Amino acid sequence: LGLARVSVVPERQGRAIGSALSEAGHDRARESGWDAIFLLGDPDYYARFGYSVEAARPFDSPYSGDYFMLLALTDPLPAPAGEVAYAPGFAALG
């Protein structure tokens, strides 16, 4: 599953809204049977949820790099490496 980063308006930050949104997304992904979530975002923020840049390195994506992360929802993952394709709309995100 591919997700974009979470965003909370500045005046609402610091109230755990972003954390609640992230955890709700993880719960839905698990309930829907996904094995992993790939995310583009700030590793300093998303590491608290278990996302890892290092875990994503074996996977090829146009977004590969320092902000491309993986959160494994199953252990072991069904594939240790491969190609990750995002929906075309992600290319429009800046």
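In which helix is the place of His26? In this predicted model, His26 lies in helix 1. This report describes that helix and the sheet beside which the chain arranges its strands.

Three strands make up an open sheet with mixed pairing, and their order is 1-2-4. Strand 1 (2-3) and strand 4 (68-72) are the edge strands; each has a single partner strand, so one side of each lacks a neighbour in the sheet. In general, the strands of a sheet pair through backbone hydrogen bonds, in either a parallel or an antiparallel sense.

Both senses are found here. Strand 1 and strand 2 (residues 36-40) run parallel and are joined by two bridges, with Gly2 standing opposite Phe38 of strand 2. Strand 2 and strand 4, by contrast, are antiparallel and pair over five bridges. Within that pairing, Met69 in strand 4 is the bridge partner of Leu39.

Strand 2 is largely enclosed by the rest of the structure, because five of its five residues are buried. Ala36, Phe38 and Leu40 point one way from the strand, while Ile37 and Leu39 point the other way, and all are buried. Between strand 1 and strand 2 the chain passes through helix 1 (residues 17-31), and this β-α-β crossover is right-handed.

**Helix 1**

Helix 1 has 15 residues, which at 1.5 Å a residue should span 21 Å; the C-alpha atoms at its ends are 21 Å apart, so the two values agree. Its buried residues are Gly18, Ser22, His26 and Ala29.

The exposed residues Arg28 and Glu31 are carried on the face of helix 1 that is turned away from its buried side. The cover over the buried residues of helix 1 includes strand 2, helix 2 (43-46) and strand 4. Just after helix 1, Gly33 adopts a positive phi of about 85°.

Ser22 and His26 are both among the buried residues of helix 1.

| Residue | Relative accessibility | Contacts |
|---|---|---|
| Ser22 | 6% | Val6, Tyr46 and Phe49 |
| His26 | 2% | Ile37, Phe49, Tyr51 and Leu71 |

Why does Ser22 count as buried? Its relative accessibility is 6%, and a residue is buried when that value is under 20%. His26, at 2% relative accessibility, counts as buried as well.

Phe49 is listed among the contacts of Ser22 and among those of His26. Tyr51, another contact of His26, is also linked to His26 by a polar contact of 2.9 Å between the two side chains. Ile37, which His26 also contacts, is one of the buried residues of strand 2.

Notes. Residues numbered from 1 in each chain as written. Predicted model: local features only at pLDDT ≥ 70, side-chain atom pairs only at ≥ 80, totals over all residues. Heavy atoms only, no water. Pairing = 2+ DSSP bridges. Helix = DSSP H or I, 4+ residues; strand = E, 2+ residues; numbered from the N terminus. Buried < 20%, exposed > 50% of the residue type's maximum accessible area, 1.4 Å probe, protein only. Right-handed = clockwise from strand over helix to strand, strands pointing away. Contact = heavy atoms within 4.5 Å. Expected span 1.5 Å × (residues − 1). Polar contact = N/O pair within 3.5 Å; in protein donor to acceptor, adjacent residues only side chain to side chain.
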